[in-house]
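Biologist: Please bring up the model. I have some questions about how its parts are arranged.

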Amino acid sequence: MPKLHLITYGCQMNEYDSERVAGLLKHARYELTESPEAADLILLNTCSIRERAEEKVFSQLGSLRRLKSANPDLLIGVMGCMAQLQQGRIQERAPFVDLVFGSPAIARVGELVARARAERRPVIETGEGPLVKIATPPDGTRRLKAFVTIMEGCEKHCTFCVVPTTRGRERSHPPESVLEEIRGLAARGCREVTLLGQTVNAYGRDLTPPTDLADLLERVNAIAGIERIRFTTSNPYNLNRRLMRAIREVPKVVEYLHLPLQSGSDRILERMNRGYTRARYLELIAEIEETVPDIALSTDLIVGFPGETDEDFQQTVDLVERLRYDNVFAFRYSRRPGTPAAEMPDQVPDAIKASRNTRLLTVATRVAAERSRALEGRVLPILADGLSRKNAREATGRTRCNRVVNFDPEGQDLFGEVVPVLITQALPHSLRGALAGREAVLQAAGMQPG
Ligand code: SF4
């Protein structure tokens with residue numbers, strides 16, 4: 001059997017695409033290998049979000065070139081965002097690459113690989129293709145958690161972002177195809193799904209008849225075997241009360257919302273073309289906290305966007321303090337060629353970005369630790385998903401708010417079970433807990449054991 005080695009960079013969408021590619025190529029009899037030396041086909045699934053990500057790919061291609069010299073039958077392909085955006089540069093800097101294709105062509109990967117092998121000249125496929133739901137799982141092993149793409153593309157045009165160029169316009173997969181994929185996953189033992197889209201809460205408005213994420217969540221909730229439903233990434237512009245109510249009322253939807261803020265300053269938000277103000281974002285958070293009092297929040301922030309002053313930055317820090325995020329993903333702004341922000345004046349020097357980033361992470365870490373400590377003494381349902389990395393005798397799992405909890409399984413194999421765990425200690429990156437008996441559950445609920 002020919003061997004496939006896959007290298008994935010970037011976001012969850014890319015992880016998901018790589019899984020699908022592995023599944024599709026399995027039908028073409030390709031077997032996954034961990035070793036690039038043993039491979040007949042090497043695919044790099046690339047990311048264009050930051051310049052550094054692209055440089056990593058070129059340097060990786062440089063090392064793969066040596067393998068290709070030793071084995072001229074080896075096929076090397078580049079897929080994903082960078083393939084879509086930089087096909088010219090890839091051909092120029094790495095002319096030995098046999099195959100370049102963007103996300104829309106993933107469904108045809110088997111045919112493209114066969115063509116590259118037969119024609120022995122580079123195959124380039126980066127146009128927009130029909131939207132195809134690829135539900136082919138990568139292997140037969142039981143997977144407790146899975147990502148499911150429910151929409152592709154984005155039409156928001158934030159001035160720092162390449163996604164609208166690399167992934168095209170917003171297109172939703174019909175609910176039936178999403179539900180069929182999740183039913184298949186549940187039948188193979190999956191307990192938790194994360195519905196993916198660049199602006200996932202804009203789901204369904206392009207379909208005929210139109211639908212929305214709240215409706216889809218209810219339908220996924222009805223699938224037996226699935227215990228938890230997550231979704232990401234939501235855009236503040238599209239967040240509405242209907243979705244907030246769905247988070248509260250649809251039982252399997254977890255109380256967790258990732259809502260990118262990007263900046264706490266109106267001036268910067270406007271330059272980013274985010275479509276909301278600081279006041280509107282605060283209003284949304286107040287509404288969600290009122291609707292779902294136990295909600296855990298996380299966010300993305302960009303540090304050092306062009307024109308960001310110390311005062312703008314301080315407004316971002318203030319919001320992190322005020323909103324008490326469970327998790328903050330902070331990124332230093334990096335210029336993406338072809339985006340409006342790359343041409344803006346007042347680019348912030350790297351040293352200032354670095355020091356602001358450190359200041360922001362210090363506050364974010366403190367706030368997250370306080371949130372963790374607030375969980376001590378509570379009994380939480382934990383989806384056990386394996387063994388602790390540090391101690392193989394301990395089980396590990398996640399809360400509904402996505403925190404890692406390590407606990408003694410008391411000799412039981414709990415993989416895939418949802419179990420009550422008393423949180424005993426908040427550590428910097430995880431929680432410690434103990435399996436909770438009936439008494440602890442009642443105590444946590446404020447009731448006397450009877
Ligand atoms: S909403 Fe997200 S994916 Fe869309 S343009 Fe803005 S940052 Fe990029």
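Modeller: First, domain bounds here come from an automatic or database domain assignment. The model is predicted, so to speak: local features need pLDDT of at least 70, side-chain atom pairs count only at pLDDT 80 or more, and totals for chains, interfaces and linings use all residues. Residues are numbered from 1 along each chain as its sequence is written.

Biologist: How far apart do the C-alpha centres of domain 1 and domain 2 lie?

Modeller: The domain assignment gives domain 1 as 3-125 and domain 2 as 379-444. Between their C-alpha centres the separation is 39 Å.

Biologist: How are α12 and α13 oriented, roughly parallel or roughly antiparallel?

Modeller: Helices (H or I, at least four residues) and strands (E, at least two) are DSSP runs, numbered from the N terminus. Axes are lines fitted to C-alpha atoms, for helices over the stretch in contact, and angles run from 0 to 180 degrees between N-to-C directions. Helix α12 (310-323) packs on α13 (350-373) at about 10°, the axes 9 Å apart. Angles under 35 degrees count as roughly parallel, over 145 as roughly antiparallel, 65 to 115 as roughly perpendicular and the rest as oblique, so α12 and α13 are roughly parallel.

Biologist: Which residues of α12 meet α13?

Modeller: Contact means C-beta atoms, placed from the backbone, within 7 Å. On the α13 side are R356, R359, L360, V363, A364 and V367; on the α12 side, F313, T316, V317, V320 and E321.

Biologist: What is the bridge partner of D300 in β14?

Modeller: Two strands pair if DSSP finds at least two bridges between them. An open sheet runs β12-β13-β14 with parallel pairing. Strand β13 (296-303) joins β14 over six bridges. The partner of D300 is F329.

Biologist: And in β19, what is the bridge partner of Q425?

Modeller: A closed barrel of five strands runs β15-β16-β17-β19-β18, with mixed pairing. Strands β18 (418-426) and β19 (431-435) pair in the antiparallel sense over five bridges. The partner of Q425 is R432.

Technical notes: Contact = placed C-beta atoms within 7 Å.
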